[in-house]
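Please read them with the coordinates open.

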Amino acid sequence: MEYFNKLESEIKQHSINGSNDQVYFGFHKNRFKRFDQFLDSMAQRIPHASGSIKVLEIGSHYLHTSILLANRSFEVDAMDVEEFWQLDFVKERAERYGLNPIIENDISRLNSFTDVYDKYDLVVFTEILEHITFNPIQFWKLVYQILKPGGLIYISTPNAFALPSLVRSFKNTVLLKSIGITVDDIMSKVTYGHHWKEYSAKEVKRYFGVLSPDFEVEVNPYSYKVYDFKPPQMLFKLLAKLGNMTNTFAEDLEVIVSLKKKKRWGVHEPEY
């Protein structure tokens, strides 16, 4: 908890009350705690690592996760689109914690890493998988390229079988209203905000198995949200609570992908 407490202190001291930065941290607080617990196991998971552990965070956002990494003296490259790196408090935070900023506006191609090989011990990819709209093969092929043999990919993503989502989908289908995300969802969020595809635990394992037989996948269902059981959305909260008492219907998935060796990439990007 030492490193998480330092992160929480950073938010309290340097974040404006009511800001998106503060609201986002508050909502995802338990997810950051879980990631901090994962980092406690790094020495066992990457025993081969010599010297400082090198980490790439893809989608560094407000740098909350990058701070957890930097507080452990990891070398952190924090990558996100220009919109986030234009924020003054993000630039100041990166300088304060010695983070290396990388601006990458086309995540599908990762042009910043074309000539990078076997550099990172850990690639962090949290709350992004569900937002991908492009064919992901080239993206993951480059992640495979930049990750060291023995390295890890850490992913967090919503569970497609979360109980409230299943009930909502069933209701919308029975009422012939919609399948997938709704028109209201599409119109009410910025482009980066949509969950175009959420995955089940089995799908995640299939996903990385198709990409390369070198990937070994561990999936841990969990939930980080806290519900007060007060109106509104009482039914949603009750369903979430019930689902989170199980593994299959929990709200979220923690995915740890290990690259034990580099022998063969598994699939080619389709052509037009």
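Predicted model: local features only at pLDDT ≥ 70, side-chain atom pairs only at ≥ 80, totals over all residues.

1. A salt bridge here is a side-chain nitrogen of Lys or Arg within 4 Å of a carboxyl oxygen of Asp or Glu. Arginine 72 and aspartate 40 meet that rule through their side chains, at 2.8 Å, N to O. The pair links distant parts of the chain.

2. Are the two partners buried or exposed? Arginine 72 is buried, because its relative accessible area is 16%, and the cut-off for buried is under 20%. Aspartate 40 is partly exposed, at 48%. Arginine 72 also touches Tyr3, Asp36 and Leu39, besides Asp40, when residues up to four places away in sequence are left out. The loop that holds arginine 72 runs between α5 (64-70) and β2 (75-80).

3. How many salt bridges does the rule give? The count comes to 20. Side chains of opposite charge can pair when their charged atoms come close. One of the salt bridges joins the side chains of glutamate 10 and arginine 96, at 2.6 Å, N to O. Glutamate 10 lies in helix α1 (residues 2-14) and arginine 96 in helix α7 (residues 88-96), so the pair ties together parts that are 86 residues apart in sequence.

4. Glutamate 10 is buried, because its relative accessibility is 3%. Arginine 96 is partly exposed, with a relative accessible area of 40%. Both residues belong to a network of salt bridges that also links Asp21 and Arg93. Please view that network as a group when checking the side chains.

5. Arginine 109 and glutamate 269 form another salt bridge through their side chains, at 3.2 Å, N to O. What does this pair tie together? Arginine 109 is in the loop between β3 (100-103) and β4 (120-126), and glutamate 269 is in the segment after β7 (252-259), so the link joins parts that are 160 residues apart in sequence. Arginine 109 is partly exposed, at 33% relative accessible area. Glutamate 269 is partly exposed too, at 30%.

6. Arginine 45 counts as partly exposed because its relative accessibility is 26%. Its side chain makes a polar contact of 2.9 Å with the side chain of serine 41. Leaving out residues up to four places away in sequence, arginine 45 touches Phe38, Leu152, Glu218 and Ile256. The C-alpha atoms of arginine 45 and methionine 1 are separated by 19 Å, with the two residues 44 apart along the chain.

7. Now the aromatic side chains. A search of the whole structure finds 24 aromatic pairs. Among them, tyrosine 24 and tyrosine 62 are edge-to-face, 6.0 Å centre to centre, with 80° between the planes. This pair links distant parts of the chain, 38 residues apart: tyrosine 24 is in helix α2 (residues 20-27), and tyrosine 62 is in the loop between β1 (54-58) and α5. Tyrosine 24 is partly exposed, at 22% relative accessible area. Tyrosine 62 is buried, at 9%.

8. Tyrosine 207 and phenylalanine 208 give a tilted pair, 5.1 Å centre to centre, with 55° between the planes. Tyrosine 207 is buried, and phenylalanine 208 is buried as well. Both belong to a cluster linked by ring pairs.

9. Last, the surface. Phe229, Met234, Leu235, Leu238, Leu242 and Met245 form a nonpolar patch there. Together they have about 590 Å² of accessible area. One of them, leucine 235, is in helix α12 (residues 234-243). Leucine 235 counts as exposed, because its relative accessibility is 57%, and the cut-off for exposed is over 50%.

Technical notes. Residues numbered from 1 in each chain as written. Heavy atoms only, no water. Buried < 20%, exposed > 50% of the residue type's maximum accessible area, 1.4 Å probe, protein only. Contact = heavy atoms within 4.5 Å. Polar contact = N/O pair within 3.5 Å; in protein donor to acceptor, adjacent residues only side chain to side chain. Helix = DSSP H or I, 4+ residues; strand = E, 2+ residues; numbered from the N terminus. Patch = residues over 30% accessible without salt bridge, like charges linked within 9 Å, V, L, I, M, F, W, Y side chains within 5 Å. Areas by Shrake-Rupley, 256 points an atom, 1.4 Å probe, with all protein chains shown as cover. Phe/Tyr/Trp six-rings, centres within 6.5 Å; stacked < 30°, edge-to-face > 60°.
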